[in-house]
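Grab a pencil and work through a few exercises on the structure shown here. Try each task on your own before you read its solution.

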Amino acid sequence: MTNEEIKEYITTLAPAATFDETGEWLNIMVTAEELKPLMLALRNAKTQMNYLFCLTCVDFKTHLTMVYHLSATTHRQSIVIKANLNREQPSIETVCDIWRTAEFLEREVFEMFGVHFTNHPDLRKLILEDDFKGYPLRKDFEDPINMIKL
Amino acid sequence: MYNQTEIIKDTSELGADGELVINMGPQHPATHGVLHLVVTLNGETIKKIEPHLGYIHRSIEKMCESLTYRQFIYVTSRMDYLSSHINNLGCALLIEKGMQIEVPDRAKYIRVILSELTRIASHELWLGAMAMDLGAFTPFFYAFREREMITDIMEDTCGARLTMNYIVPGGLMYDLHPDFQKKVKAFITQFKSKVTEYEDLVTNNIIFQSRTKGVGILSAEDAISYGCTGPVARASGVSCDIRKIYPYEVYDKVEFDEVLETAGDSFARYMVRVKEMNQSIRIIEQLIDNIPEGDFVGKTKNVLKLPKGEFYTRVETARGEFGVYVVSEGGTTPHRIKFRSPGFSNLSVLNHISVGSMIGDLMASMGTLDLVIPDIDR
């Protein structure tokens, strides 16, 4: 599949999606509400994106961005899906019923960035202690004991 | 992380059904590191496994945000310490891709030879440690005999036995020592004459076979869905070798086979790794006599600045796909860096493959996943 075909297909599902082809792969920016139905379609339709190889979050100080790297084991094309979230109450629907690997990755993002994944079966802290305050990978996180000056 | 009160509460709730919660780790000898598994049992049958991480979390991703592009490579040696050279390579490739740095052929050849030596050393350690988990003590000494030769080569070449830190953006830190080729050839001769001993000692051992065959079966669809890579996925028949799919350095110039098994059980995972060692030897043999003369490091600026944008590279470590994702704002340090470590995804499948099996089989399933805890607890 070419990038053009994927773009065309995504536009029919999420009309508000914007595309960026400057990087190595096709980047698709969607809204948080559009994400889940789009992901379901990408997994099951002819695109066959069955391999989620990287799920993470980036703090841009004004907003958070969820980044999903998808690939297919059949035709080996990779695409990147992104969704912006506000910093005060970041919330997005889980994708761990589509790709099982997302369960642990979302738990890591939850504790490190404070993103709430709705409908996640077991959204608890994975690495940090249960009573840990703050979100360490955010840019404004301050640790009085082990401070890393950025 | 693990909370004491929560576990006790769980036990009382589950007690009515005759279920028992036990803690395996963080100081369990078979977890090879500080992995803590909370295992829910019914009799001897596993109902649920919950990994609790974080005992050695160093927040490497946050640390890297304050390190320059020359510095952050060396932190990655401390993640998967058995594949440290390959982790360094993944980071160097990212910088070279982002800044379009030309790497001399000599450096590429040496990087690949050392990567394959690293892979053999990692698989050797895994072989010894896993056999010991299953009660066989002798293979440990056999495996370490060959591994010792590799660590000696590494010490002579890079100055360190485990965390090599031999790679700089653009090439290598310094040139090879004069005896390198002789020593690697001596190792190949030794390895080839001794590798049959593993077959006699472990592979054909009826006790080992009955403990691993049909244990911890993982289907191909689940392997992809859980994001498993490396020998774990290849034992289920998923073709996922980054060296074949997205060749980097000189992997497209050498001949080797991607080892695939179809059974998906612990024995298949064992077989994939043993066969992979032979493939690595094949790669080294093709390269060792053909290392080109010339520079060992390309021309780079003193201060590296990645252009604004996003970059991703992936390499095949001994455990699977290692990915580096960098978001750059154009400065000397990354804005955000994410390491996609193979161990993290491979660990997430442990509950899935162990539920319904006996607690004694957990050692076989976990041993053949080849977990390295600092890789999971980044």
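This is a predicted model: local features need pLDDT of at least 70, side-chain atom pairs count only at pLDDT 80 or more; totals for chains, interfaces and linings use all residues.

**Exercise 1. A pair of helices in chain B**

Task: Work out how H6(B) and H7(B) run relative to each other, and which residues make their contact.

Solution: 
- Start with the geometry. Helix H6 of chain B covers residues 138-158 and helix H7 of chain B covers residues 180-203; their axes come within 10 Å and cross at roughly 165 degrees.
- Now name the arrangement. Angles over 145 degrees count as roughly antiparallel, so that is the label for H6(B) and H7(B).
- Next, look at who touches whom. H6(B) brings residues including Tyr142(B), Met149(B), Ile150(B) and Ile153(B), while H7(B) brings, among them, Phe187(B), Phe191(B), Tyr198(B) and Leu201(B).
- Finally, sort the contact by residue type: twelve are nonpolar, three polar and five charged.

**Exercise 2. H7(B) again, with another partner**

Task: Describe how H7(B) packs with H12(B).

Solution: 
- Helix H12 of chain B spans residues 266-288. Its axis is 11 Å from that of H7(B), and the two pack at an angle of about 160 degrees.
- That angle is over the 145-degree cut-off, and therefore H7(B) and H12(B) are roughly antiparallel.
- The crossing of H7(B) with H12(B) is left-handed.
- On the H7(B) side, the contact includes Val184(B), Ile188(B), Phe191(B) and Val195(B); on the H12(B) side, it includes Val274(B), Ile281(B) and Ile284(B).
- By type, the residues of this contact come out as nine nonpolar, three polar and three charged.

**Exercise 3. A sheet in chain B**

Solution: 
- Zoom in on one pair. S2(B), residues 36-42, and S3(B) are joined in the antiparallel sense by seven bridges. Asn42(B) sits opposite Thr45(B), and Val38(B) has Glu50(B) as its bridge partner.
- Look at the turn. S2(B) and S3(B) form a hairpin with two residues between them, and Gly43(B) in that turn has a positive phi of about 65 degrees.

**Exercise 4. One proline in a loop**

Task: Is Pro292(B) buried or exposed?

Solution: 
- Find the residue first: Pro292(B) is in the loop between H12 and strand S6 (309-316) of chain B.
- Count its surroundings. There are 12 other C-beta atoms within 10 Å of Pro292(B).
- Apply the cut-off. A residue counts as exposed with 12 or fewer, so Pro292(B) is exposed.
- Then check for partners from elsewhere in the chain. Leaving out residues up to four places away in sequence, Pro292(B) touches Asp105(B), Arg106(B) and Tyr109(B). Pro292(B) and Lys108(B) are 184 residues apart in sequence, yet their C-alpha atoms are 9.6 Å apart in space.

**Exercise 5. Chain A: its sheet and its side of the interface**

Task: Describe the sheet of chain A, then find which element gives the most to the side that touches chain B.

Solution: 
- Five strands of chain A form an open sheet in the order S1-S2-S5-S4-S3, with mixed pairing.
- S1 (18-20) and S3 of chain A are at the edges, each with a single partner strand, so one side of each lacks a neighbour in the sheet.
- S1(A) pairs with S2(A), residues 26-30, over three bridges in the antiparallel sense; in this pair, Thr18(A) is opposite Met29(A).
- H3(A) packs on the sheet, touching S3 and S4 (64-71) of chain A, and its direction makes about 5 degrees with that of S3(A).
- Now the interface: 30 residues of chain A meet 31 residues of chain B.
- S3 (51-59) and H3 (102-113) of chain A each supply at least two residues, but S3(A) gives the most, with seven.
- Sorted by type, the chain A side has 14 nonpolar, seven polar and nine charged residues.

Terms used. Residues are numbered from 1 along each chain as its sequence is written. Chains are lettered from A and ligands numbered from 1 in the order in which they are written. Axes are lines fitted to C-alpha atoms, for helices over the stretch in contact, and angles run from 0 to 180 degrees between N-to-C directions. Helices (H or I, at least four residues) and strands (E, at least two) are DSSP runs, numbered from the N terminus. Angles under 35 degrees count as roughly parallel, over 145 as roughly antiparallel, 65 to 115 as roughly perpendicular and the rest as oblique. Two residues are in contact if their C-beta atoms, placed from the backbone, lie within 7 Å. Ala, Val, Leu, Ile, Met, Phe, Trp, Tyr, Cys and Pro count as nonpolar, Asp, Glu, Lys and Arg as charged, and the others, Gly among them, as polar. Two strands pair if DSSP finds at least two bridges between them. A crossing is left-handed if the near helix is turned anticlockwise from the far one by less than a right angle, and right-handed if clockwise. A residue is buried if 20 or more other C-beta atoms lie within 10 Å of its own, exposed if 12 or fewer, and partly exposed in between; C-beta atoms are placed from the backbone.
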